[in-house]
Amino acid sequence: MRRIYLDNNATTPVLPEVVVAMQPWWTERFGNASAVHEHGRVAREAVDHAREQVAALLGARATEITFTGSGTESDNHALFGTLQPGQHLITSSIEHHAVLHAGHELERRGVELTVVDPGSNGVVPVETIRAAIRPNTALISLMLANNETGVLQPVREVAAIAHERKILVHTDAVQCGGKLPIRVRDLGCDLLSLSAHKMHAPQGVGALWSRRGVQLRPLLFGGPHERQRRAGTENVPGIVAFGHATALAQSWLPEGPAALARLHHHFESELLRRIPNAIIHGQHVPRLPNTTSVRFPGIDAEALVIALDLQGLALSGGSACTSGAVEPSHVLRAMGLTNEEARSTVRISLSRLTTPEDLNLALTLLEQTITRLRSLT
Ligand SMILES: Cc1ncc(COP(=O)(O)O)c(C=O)c1O
């Protein structure tokens, strides 16, 4: 059976070139990057080179990059590393749980928290954020692109407002990294999170960019790694892979997003033409060129995902499995969808490896399976 993978917002396949680049760092070049001998020095150089590659993807300085163990850690570090009890955090209800749950934990520890909602189009209005600002607001955390809908958020506008009031801005750019060009100086934010496994590098590596001058307290204590910002022996193979993947993404970025957007646009037009009553969330606002959140009224998304998986097509339901129970997506609920509407939504996410043939076959399988499921009800 031919397998088609359209769940790239969950994770991406590691590129063969990235595997090749990473491989020696497990075998002959196994050194600890903190060691003073040759083995260590070679590993240190490799980590520093990767740091330059990741910085280049963001138009940043290498010294502003801290390697972490995940996008989740980067998000947590941005929030816990800058906020103190008595200060105020503004974030949005469509953030990844790495930000939302960190925000709620900070609230339990004495930070004031405001969670603002998006409109029904999935965009968090700048005015809602402006209205939430208080004299003690210290940080605004607003994602660059949502992982479920792909909807882009007005981070640049929010940063402009925040800086007039000396408020820091963090953006979770985990879903944007390598999909759209990111220039941190143009965005105007102070902290930005990335995750390697969303960019064709392995799972378990992330990066936090923090603008020079931002006071970032460490989350982990131990050795002086990562300029005292993150103790723990570096994951050299993972970091090398991350650096290599960012360099490959960088060479794809000038032309790639427009080509992917054309493929994606054609796919969505066909989806709407071939499947009656399909509704694409955030259809008329700027989105990532790879993400479709689509509702098929009357269809149970979990049943659809399982039926498609049996036929070799991988995509994801608009819900998350929390403690064994399938909960409707908090993002779709925040956009005003009912539980039932959220439960009939799936997320289809392409990558730069997705081909027109993959999408044609996916369309056929979707059309056939939805017709069959609808005939049963
Ligand atoms: C928007 C967003 N932020 C953060 C994360 C967490 O990244 P990681 O899986 O590296 O912990 C994800 C992962 O899905 C994500 O989509």
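This report describes the fold of one predicted protein chain, from its overall dimensions to single residues.

Because the model is predicted, local features are reported only at pLDDT of at least 70 and side-chain atom pairs only at pLDDT 80 or more, while totals for chains, interfaces and linings use all residues. Residues are numbered from 1 along each chain as its sequence is written.

## Overall form

The chain's secondary structure amounts to 13 helices and 15 strands. Helices (H or I, at least four residues) and strands (E, at least two) are DSSP runs, numbered from the N terminus. Taken along the principal axes, the C-alpha atoms fill a box of roughly 65 × 55 × 40 Å. For 377 residues a compact globule would have a radius of gyration near 21 Å, and the chain agrees with its 21 Å. That radius is taken over C-alpha atoms, and the globule rule is 2.2 Å times the number of residues to the power 0.38.

Of the 377 residues, 48% count as buried. A residue is buried if 20 or more other C-beta atoms lie within 10 Å of its own, exposed if 12 or fewer, and partly exposed in between, with C-beta atoms placed from the backbone. Two residues are in contact if their C-beta atoms, placed from the backbone, lie within 7 Å. Among contacts between residues at least 6 apart in sequence, 71% join residues at least 24 apart.

At their boundary, 26 residues of domain 1 are in contact with 26 residues of domain 2. On the domain 1 side, helix H9 (256–274), S10 and helix H11 (330–334) each supply at least two of the touching residues. H11 gives the most to that side, with four residues.

A nonpolar core is a set of buried Ala, Val, Leu, Ile, Met, Phe, Trp, Tyr and Cys residues joined through C-beta atoms within 7 Å. The largest one has 78 residues, and Ile140, Trp209, Val240, Ala241, Phe242 and Ala245 touch the most other members. Helix H8 (residues 236–252) contributes its largest share, nine residues. Both domain 1 and domain 2 give residues to this core, so it lies between them. Leaving aside neighbours within four places in sequence, Trp209 is in contact with Leu58, Ala60, Glu64, Ile65, Val184, Leu191 and Leu192. A second, separate core of 22 residues includes Leu6, Val305, Leu350 and Ile370.

Helix H2 (residues 38–58) has 21 residues, which at 1.5 Å a residue should span 30 Å; its end C-alpha atoms are 31 Å apart, which agrees. The expected span is 1.5 Å times one less than the number of residues. Among the buried residues of H2 are Ala43, Val47, Arg51 and Leu58. Its buried residues pack against strand S2 (65–68), helix H7 (184–187), strand S7 (191–195), strand S8 (206–210) and H8. Glu45, also in H2, counts as exposed with 11 C-beta neighbours inside 10 Å. Gly59 follows H2 and has a positive phi, near 65°.

Helix H3 (residues 71–80) is mostly covered, with nine of its ten residues buried. Glu73, Asp75 and His77 are among these.

## An antiparallel sheet

Four strands form an open sheet in the order S9-S10-S15-S12, with antiparallel pairing. Two strands pair if DSSP finds at least two bridges between them. Strand S9 (279–280) and strand S12 (316–317) are the edges, each pairing on one side only. Five bridges join strand S10 (residues 291–295) to strand S15 (residues 345–349), and Thr292 has Ile348 as its bridge partner in S15.

Most residues other than glycine have a negative phi.

Conventions: Domains from an automatic or database assignment.
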